[in-house]
Amino acid sequence: MARKMLIDGELGKPSEEEVHYDFDLFVIGAGSGGVRASRFSAQYGAKVAICELPFDPIGSEVSGGVGGTCVLRGCVPKKILVYGAAYGPELEDARNYGWEVNERVDFNWKKLLHKKTEEIVRLNGIYKRLLSNAGVKLFEGEGRVIGPNEVELIQLDGTKMSYSAKHILISTGSRAHRPGIPGQELAITSDEALSLEELPKRAVILGGGYIAVEFASIWRGMGVTVDLCFRKQLPLRGFDDEMRAVVARNLEGRGITMHPCTTLTKLEKAEEGGIKVHTDHGEVIMADVVLVATGRLPNTKRLNLDAVGVELDNMKAIKVDEYSRTNIPSIWAIGDVTNRMNLTPVALMEGTCFAKTVFGEKPTKPDYSHVPCAVFCIPPLSVVGFSEEQAMEQVNGEVSVYTSSFNPMKNTISGRTEKSVMKLLVDAQTDKVLGASMCGPDAPEIMQGVAVALKCGATKEQFDSTVGIHPSAAEEFVTMRSETRRVSANKPKTNL
């Protein structure tokens, strides 16, 4: 029997003749969002199927794996490599703590790579079991939409099967973008960077976003010579300018060569081996590996959406309403394929809201306010709420800025000269905390708790009245008593 659907508080009227479908919901794409939506929909009693491409550590148009980009070739394996890279500097710091570390400390890249692969294979199996335990039918193969209520599944042997569903959910994520520069085929993306057979001695990275600065930190921590090229004056466009400057200073302090306001014009094989990297400033940098980290594009190319009439934007992302519904009433989309807020926890939220809306009879819109995030460079940056630039644009009146820059206690003994920086933005009229930022060790772990406070509408007075944990870096967030500066709203944006 077809299910009733609750939208905007009204039950959709069932048709005079109930239509039989193979499934209540068919999901294309078993990444974080798709798996969440499938499991939660099944818990509401829906008959659910999901399809995903066969597993491979390096994704392509014909390979993927249950768990998706984040679990298999994104956040999780990257964080494993960040942990591995952090041990190099930690071993240096350990000497002043009494550890007699030999001058020569060898790093075995292949061992770490093997352990990383073992872990993502384990997680792939866990995600499959989650689906099975929830009663979701998993198909391995490529799914495409061939009608408002019909999905075609191309199986591994090439045979095609067709399934009908009252609702179709697309959660196919995104893929790395390659810039159109001569010789770009010599470069790699983050997919390949996570599975390199040999650790390079010299790497050039093009890009200034999350992936670029994270891999710069990873490779540098492992002893690689790293050149980071990016178009703006500072990396991490869109983040707070003051915190971007802190990240840039830390990257440089750790030995990464920064090339601001720089892009690449050509890559070519060098006769002596390696790659000649040409910049728009006439420089030539030699590298063993060139990583292009210039953004990601929605995975819509092979879904047949144009033929069905699903509307896409100019980036080929699926256009959806505030409930994640496309212009075709039976077709929905969540996650990076919609290019809204491209973070794994956001895709999980969207999947949860979809299940509540469609099968839980509780229409729920995703809430994109106060979403915390982190950049896992070394040391990491984490933020929630407004940046100073956003606050000046969106707040009527003045914004009080509180900052704290200090040498972490650990560094006082190790001798590392790398300051932690924290920042709070407060509406001067209402005392409400508008945003928080931190660059320093454990920033993401600290910021998750701060995000709860901001979500609850905490004021600066409430922060100040909270007793800190001592000695810790986190206590700085409740001891910043003196206003650093006060800025007026509606100032023009910077172009850093």
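Colleague: Why is Glu 119 called partly exposed?

Modeller: In this predicted model, Glu 119 has a relative accessible area of 24%. Buried would need under 20% and exposed over 50%, so Glu 119 falls in between and counts as partly exposed.

Colleague: What makes Glu 119 and Arg 122 a salt bridge?

Modeller: Their closest N and O atoms are 2.8 Å apart. The cut-off is within 4 Å, so the pair passes. Both residues lie in helix α4, 3 residues apart, which is about one turn of the helix. As for Arg 122, its relative accessible area is 43%, so this residue is partly exposed too.

Colleague: How do you know that Arg 481 and Asp 464 form a salt bridge?

Modeller: Here the closest N and O atoms are 3.6 Å apart, and the limit is 4 Å, so this pair also qualifies. Arg 481 sits in the loop between α13 (460-464) and β23 (485-488), while Asp 464 is in helix α13, so the bridge ties together parts 17 residues apart in sequence. Arg 481 is partly exposed at 49% relative accessibility, and Asp 464 is partly exposed at 24%.

Colleague: Which parts of the chain does the pair Glu 198 and Lys 110 link?

Modeller: The two side chains meet in a salt bridge at 3.1 Å, N to O. That pair links distant parts of the chain, 88 residues apart: Glu 198 is in the loop between α5 (190-193) and β9 (202-206), and Lys 110 is in helix α4 (residues 109-133).

Colleague: On to cysteines. How many disulfides does the structure hold?

Modeller: It holds 0 disulfides. Take Cys 439: the nearest cysteine sulfur, that of Cys 377, is 5.6 Å away. A disulfide needs the sulfur atoms within 2.5 Å, so Cys 439 is in no disulfide.

Colleague: Are Cys 439 and Cys 70 buried or exposed?

Modeller: Cys 439 has 0% relative accessibility, so it counts as buried. Cys 70 has 14%, and that is buried as well, because the cut-off is under 20%.

Colleague: What is the bridge partner of Val 421 in β22?

Modeller: That is Cys 439. The strands involved are β21 (residues 420-427) and β22 (residues 433-439), which run antiparallel and are joined by 6 bridges. At least two bridges are needed for strands to pair, so β21 and β22 count as paired.

Colleague: In what order do the 6 strands of the open sheet come?

Modeller: The order is β18-β19-β22-β21-β20-β23, with antiparallel pairing.

Colleague: What makes β18 and β23 edge strands?

Modeller: Each has a single partner strand, so one side of each is left without a neighbour in the sheet. On average, neighbouring strands here are turned by 15° against each other, direction ignored.

Colleague: Which helices lie on these strands?

Modeller: Helix α7 (residues 241-253) lies across β19, β20, β21, β22 and β23, at about 5° to β22. Helix α12 (residues 443-455) packs on the sheet too, touching β18, β19 and β22, and its direction makes about 175° with that of β22.

Colleague: Why are β12 and β14 said to stand at the edges?

Modeller: They belong to an open sheet of 3 strands in the order β12-β13-β14. β12 and β14 each have a single partner strand, so one side of each lacks a neighbour in the sheet. Strand β13 (residues 275-279) pairs with β14 over 4 bridges, in the antiparallel sense, and Val 277 stands opposite Ile 285 in β14.

Colleague: Last topic, the nonpolar core. Which residues touch the most other members?

Modeller: The largest core has 49 residues, and those touching the most other members include Ile 205, Phe 215, Ile 218 and Trp 219. Helix α6 (residues 210-221) gives the largest share of this core, 6 residues. Beyond its neighbours within four places in sequence, Ile 218 is in contact with Lys 78, Leu 81, Val 82 and Ala 85. A second, separate core of 24 residues has Leu 123 and Tyr 323 among its members.

How values were computed: Residues numbered from 1 in each chain as written. Predicted model: local features only at pLDDT ≥ 70, side-chain atom pairs only at ≥ 80, totals over all residues. Heavy atoms only, no water. Helix = DSSP H or I, 4+ residues; strand = E, 2+ residues; numbered from the N terminus. Buried < 20%, exposed > 50% of the residue type's maximum accessible area, 1.4 Å probe, protein only. Axes fitted to C-alpha atoms, helices over the stretch in contact; angles between N-to-C directions. Contact = heavy atoms within 4.5 Å. Core = buried A, V, L, I, M, F, W, Y, C linked by side-chain atoms within 4.5 Å.
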